[in-house]
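Good morning, and thank you for making time for this presentation. Please have the sequence and the model open while I speak.

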Amino acid sequence: MTVLIIGAAGQLGTELCLRSKVRGYDTVAVDYNELDLTNESSTQAFVAQVKPTVIINAAAYTAVDRAETEIASAFAVNRDGPLYLAKSCAKADIPLLHISTDYVFDGKKPTPYLETDTPNPQGVYGQSKLEGEIAVARTLNKYITLRTAWVFSATGNNFVRTILRLAKERDELSVVADQTGAPTWAGDIAEVLLEIVERIHQSKTITWGLYHYTGSPAITWHAFAETICQQAFELGILRKKPFIKPISSYEYPTAAKRPQNSALACALIQEEFLISQADWRKGLEQVLIQWKKNNEFST
Ligand SMILES: NC(=O)C1=CN([C@@H]2O[C@H](COP(=O)(O)OP(=O)(O)OC[C@H]3O[C@@H](n4cnc5c(N)ncnc54)[C@H](OP(=O)(O)O)[C@@H]3O)[C@@H](O)[C@H]2O)C=CC1
Ligand SMILES: Cc1cn([C@H]2C[C@H](O)[C@@H](COP(=O)(O)OP(=O)(O)O[C@H]3O[C@@H](C)C(=O)[C@@H](O)[C@H]3O)O2)c(=O)[nH]c1=O
């Protein structure tokens with residue numbers, strides 16, 4: 001059983017590598033410096049050389065605002081890269097586990113989005129991820145595209161790290177309170193993907209296709225920031241909690257428009273794979289404990 005992980009140095013990639021090795025799979029992990037996914041011939045040659053049993057694509061262009069100007073790069077990584085991987089998988093007759101985002105939706109639906117709801121991305125990042133989903137689905141039968149949201153982990157840049165940095169610097173923060181979604185710990189997503197890998201390993205029947213998976217419960221970015229500061233305060237990472245002012249999206253202009261409600265309904269993955277949503281607050285605690293141990297944010 002050889003698991004090939006692409007984008008191994010990212011938030012999700014890091015958690016996947018750790019946990020794939022713990023589960024005892026032969027794990028081949030590569031990032032940008034070893035394989036540029038946007039190069040079709042090297043991607044196909046690499047897959048042919050490694051001969052994996054399954055590929056997990058954790059690589060992506062994730063800079064939501066920068067994507068508005070770096071349009072070609074966003075589409076190359078988020079649409080063309082997955083297409084090349086899907087072609088390689090089709091050739092070798094192996095499955096691809098691919099990741100997508102809540103930002104494929106426009107956020108106008110008042111209730112959580114189903115897999116069958118029509119996407120309508122508000123920005124380049126969301127559009128490029130949607131086109132990646134479509135490319136995979138058109139090229140390959142044996143694929144899982146897992147849409148997730150608001151990912152955080154102990155590595156890389158994410159909202160948790162930004163809020164803690166700001167909380168160290170300031171007495172007052174302003175955070176949007178009119179965008180709702182579900183934070184998701186990369187460790188939980190990695191476990192979900194590896195559960196699916198295990199099914200492949202055991203040659204169990206799999207219903208391939210599109211699934212939603214996020215942490216629970218859904219909240220606003222403002223409430224997320226409050227929870228981050230509260231937990232960091234309780235763990236002694238923050239000496240005092242800042243005042244976090246709830247603001248509207250209008251008061252926090254960004255290059256890319258974010259969806260107002262991007263909560264994802266996760267019943268299908270529960271039905272097909274018996275996978276339940278994890279409480280992201282537990283993942284947050286793990287991340288904060290790791291940062292405390294490493295003396296991050298200690299100044
Ligand atoms: N972060 C989030 O909040 C969310 C993420 N997702 C999706 O989850 C998946 C994982 O995201 P996350 O772990 O946060 O992403 P990260 O940005 O942390 O990691 C992505 C990794 O992909 C690498 N990469 C970029 N371009 C290429 C390329 N051309 N070839 C090979 N590798 C490349 C990056 O390298 P480098 O850093 O050198 O550019 C980085 O190591 C992605 O599909 C993302 O769209 C979905 C919802 C929310
Ligand atoms: C740092 C900060 C952000 N915000 C707002 C801006 C934005 O509307 C919201 C989220 O901020 P960020 O820009 O950090 O997060 P963003 O890059 O939008 O996060 C997204 O990343 C991509 C990759 C995804 O796929 C999404 O699921 C989602 O996680 O919070 C504030 O209101 N105040 C602040 O101090």
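First, the conventions. This is a predicted model, in which local features need pLDDT of at least 70 and side-chain atom pairs count only at pLDDT 80 or more, while totals for chains, interfaces and linings use all residues. Residues are numbered from 1 along each chain as its sequence is written, and chains are lettered from A and ligands numbered from 1 in the order in which they are written.

The UniProt record, an unreviewed entry, annotates residues 1-289 as "domain: RmlD-like substrate binding". UniProt positions are given here in the numbering of this model, feature names are shortened, and annotations may be inferred rather than shown by experiment. Over residues 1-289, the chain is 41% helix and 17% strand, with the end C-alpha atoms 33 Å apart. Helices (H or I, at least four residues) and strands (E, at least two) are DSSP runs, numbered from the N terminus.

Let me turn to the ligands. Around ligand 1 there are 27 residues, of which Gly-7, Gly-10, Gln-11, Ala-60 and Val-151 come nearest. A residue counts as near a molecule if its C-beta atom, placed from the backbone, lies within 6 Å of it. Which elements each supply at least two residues of this shell? They are α1, α3 (71-92) and β4 (96-101), and α1 gives the most, with three residues. By class, the shell around ligand 1 holds 14 nonpolar, 10 polar and three charged residues. In this scheme Ala, Val, Leu, Ile, Met, Phe, Trp, Tyr, Cys and Pro count as nonpolar, Asp, Glu, Lys and Arg as charged, and the others, Gly among them, as polar.

Ligand 2 is surrounded by 20 residues, and the closest are Thr-62, Val-64, Thr-101, Val-176 and Trp-221. Here α5 (159-169) and β7 (172-176) each supply at least two residues, and β7 gives the most, with four. The shell around ligand 2 divides into 12 nonpolar, six polar and two charged residues.

Now the helix packing. Two packed helices are described by the angle between their axes and the distance between the axes. Axes are lines fitted to C-alpha atoms, for helices over the stretch in contact, and angles run from 0 to 180 degrees between N-to-C directions.

The axes of α1 (residues 11-22) and α6 (residues 186-201) come within 8 Å and cross at roughly 55°. That angle makes α1 oblique to α6; angles under 35 degrees count as roughly parallel, over 145 as roughly antiparallel, 65 to 115 as roughly perpendicular and the rest as oblique. The crossing of α1 and α6 is right-handed, a term used when the near helix is turned clockwise from the far one by less than a right angle, with anticlockwise being left-handed. On the α1 side, the contact includes Leu-12, Leu-16 and Arg-19, and on the α6 side it includes Ile-189, Leu-193 and Leu-194. Two residues are in contact if their C-beta atoms, placed from the backbone, lie within 7 Å. The residues of the contact of α1 with α6 comprise seven nonpolar, three polar and three charged.

For α3 and α4 (residues 124-139), the angle is about 15° and the axes are 8 Å apart. Therefore α3 is roughly parallel to α4. The two helices pass in a right-handed crossing. Among the contacting residues are Phe-75, Pro-82 and Leu-83 of α3 and Tyr-125, Gly-132 and Val-136 of α4. This contact has 11 nonpolar, four polar and four charged residues.

Thr-227, Ile-228, Gln-231 and Ala-232 of α7 meet Arg-281, Leu-284, Glu-285 and Leu-288 of α9.

Finally, the backbone. The peptide bond from Ser-216 to Pro-217 is cis, with omega near 0°, and Pro-217 lies in the loop between β10 (209-212) and β11 (219-220). Leu-274, a residue other than glycine, has a positive phi, near 55°. Leu-274 is placed in the loop between α8 (267-273) and α9 (280-293).
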